[in-house]
Amino acid sequence: MKRVVSISLGSAQRDYQITVTVLGQHVEVRRIGANDDIAQAMALVREFDGKVDAIGLGGLTPVFRIGRARYPHQEAIHIAAQARRTPVVDGGVVKATLERWAVAQATRQIPSLLRYKRVLITSGVERYQLAAAISQYEPELRFADPVIHAGIPFLPPPRSLEQLELYAATTLPILALLPYRFLHPVALGQEGFDSRAADLFRWADVIAGDFAFIRRFAPHDLTRKSIITDDPSPAEIEDLRRRGVTTLVTMTPPLSEERPFLAADAIEAVITAITESTRQPGDAEVIDFIAAAGWGPTVQDLNPRPKPRFAFVIHPLRTELIANHHLFRWTRYLPKRLVELVAAEFPPLYLSRIRGIRSKATGEEVEGILLTLGATPREMMRRSPSFTYRRLIKAARMAEWMGAQIMGLGAFTSVVGDAGITVAQKVSIGITSGNSLTVAATLEAAKQAVLLMKGGRPEHVRAVVIGATGSIGAVCARLLAQAVQDVVLVAPRAERLLALKKQIEAETPGARVVAATYADAYIGDADLIITTTSALTGKVINIDKLKPGAVVCDVARPPDVKEEDARRRPDVLVIESGEIVLPGEPDFGFDIDMPPGTAYACLSETALLAMEGKFEDYTLGRNIEIERVKEVYRLWKKHGLELARLRSFGVYVTDEMIAEKRRLAEERRRQLGLPPERVIVGSGE
């Protein structure tokens, strides 16, 4: 049997002796604490030298590796040098390999574990590699090193790897000359709470690092926090459960029942003993060993995580809809303009809870909170953006207080001002306009409608995008150019049109791109018109000029095409923007003017992000990223969302309706002397 010993400057109260089996070999592992006595630590190294297969130094780092710099600590080096025959390891190679692997694997299990979270690293100089692995997930970082090392709580903590490296460069040359307890002040009194870093621990969503620091400096209340650490005992894990920790990630697999998790130095000593190395193993050897042993992190849900929860903000598109709320039914008896003016001043109101949405990928239910503002589109556009910003910020704080982790902006709340950027900067929960899924659903619905109206795949499609320089219109135009190679951009501002035209031509060489400030000259030749304006009055489309059999996809809310206008052209199909059937049995708790289980794409994107655990600012501003549209389309398929049946002015599109429109379109073509449509029958591409 192999034997290893971990000699620590820490308390002897945590000593243990166990036997582990790794790759078919039995290894006796013993931990001995020296109670902050350097002389005793050196004596222990001399005592076990030549009597065990490897010696680990627990809580002792002879050489700190921070970025490319190296900082030797004289006292730790002197302790390690007491061994002449047995290899001495400090866990540094395990920290650089197994712990980085553990972070990668843990985030695969829980995608939302680190991304955009507030993460506290208890000691960056001791866990630099762990910090480097975590930093890849774009968290908001803090390092507790200055507070712990100097004991001065008002010293600003490093907030990035670069600041940590600067901190190390300025302090480690001095600290390396002092007793080691200045770097690792947890040897004695570990059972007591040290409050010097309490504010940082309370700030964090995730606490990562050596468990000795967590045990000493973490406040009692750790509700809804996640911890990434090394070697808590079963009793300490139970204590974390009682203190409210949600998720515990231990960076090693359990190796025994009585003491499942070992510190990095003990793990490295086990590897050294089994491989019969005469020196500290290199990273290649450790990586091979990890792969052979199948090691990875242990992820435990200590307390049930609350269901993912989102919020969504709506507002009345018409004044009469204000009376839909049970508290304001009496307003139907008042002058509409008076109701509209007064309602706009209301603070955000809670409407209902959304229940029953369940991901097909995970089986997990997400809950929603439906909020409303009182302003109609006319009132929002009449007032300055700050008027709506203030109410949305209040809504977001209200949503956060109710447990939401992300909030979606519905209808005109995503149009006003900078399309959510200012709101996102002022609140701590994620904000999305929902426009990425709106684009994906719109294009999918438009594709289906064109195939239906043409009876197959047309040999050529010309698309017109009205409102092309808006956030939704621009990305629709860019994606349509890739798909059909012939797109007309319509918007009132020529300078924006020119910029978009040049962008599309650079992205899609060979595409025919026309830019115009008026649509009338082009809609007569268009097979597909997508309208995304925020116009409240006036005729956006002259429906009498549309091509026979054309498809109009109306994304605007309120809609750009009025039903009474569409009746003049029964050969044209006007559809609403792509709507989504959410998975499960959704109950919105309020009439959102949609069929059962169906929601607008903007609401659906918010629910979809909650299903994926992406509680972050997602679709914001005027420039929607194409990669976000493609990502949200993948998530749509992953979690089981479906495109709702096409609707035209609230009525489902049927085969009979399509057949009649195609007949009327062909009849109109003959009257106008136009050739029949040429299509590739049977192709759904």
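In which loop is Leu178 found? In this predicted model, where local features require pLDDT of at least 70, side-chain atom pairs count only at pLDDT 80 or more, and totals for chains, interfaces and linings use all residues, Leu178 is found in the loop between helix 6 (161-175) and helix 7 (198-203); helices (H or I, at least four residues) and strands (E, at least two) are DSSP runs, numbered from the N terminus. Residues are numbered from 1 along each chain as its sequence is written, and side-chain values use heavy atoms, with hydrogens and water left out.

Leu178 is partly exposed, with a relative accessible area of 33%, where buried means under 20%, exposed over 50%, and partly exposed in between (1.4 Å probe, protein chains only). Together with Ile174 and Phe182, Leu178 forms a nonpolar patch on the surface, with about 260 Å² of accessible area for the three residues together. Arg279, in the loop between helix 10 and helix 11 (283-293), is likewise partly exposed, with a relative accessible area of 46%. The C-alpha atoms of Arg279 and Ala441 are separated by 60 Å, the two residues being 162 residues apart along the chain.

The largest cavity holds about 300 Å³ of space and is lined by 29 residues, of which Gly58, Gly59, Asp210, Asp231 and Ala263 lie nearest its centre. Two or more residues of this lining are given by each of strand 1 (2-8), strand 4 (54-58), helix 8 (211-217) and helix 10 (264-275). The second largest cavity has a volume of about 50 Å³, and its lining includes Ala445, Glu576 and Arg647.

The second largest pocket has a volume of about 1400 Å³; of the 47 residues that line this pocket, Ser112, Lys117, Asp205, Gln405 and Phe615 are the closest to its centre. At least two residues of the lining are supplied by each of helix 7, strand 13 (298-301), helix 21 (601-612) and helix 22 (626-639), and the largest share, three residues, comes from helix 21.

Technical notes
Patch = residues over 30% accessible without salt bridge, like charges linked within 9 Å, V, L, I, M, F, W, Y side chains within 5 Å. Areas by Shrake-Rupley, 256 points an atom, 1.4 Å probe, with all protein chains shown as cover. Salt bridge = Lys/Arg side-chain N within 4 Å of Asp/Glu carboxyl O. 1 Å grid on protein atoms, 1.4 Å probe; cavity = no way out; pocket = protein on both sides within 12 Å on 5 of 7 lines; lining within 4 Å. Points joined across faces, edges and corners; volume = space filled by probe spheres on them.
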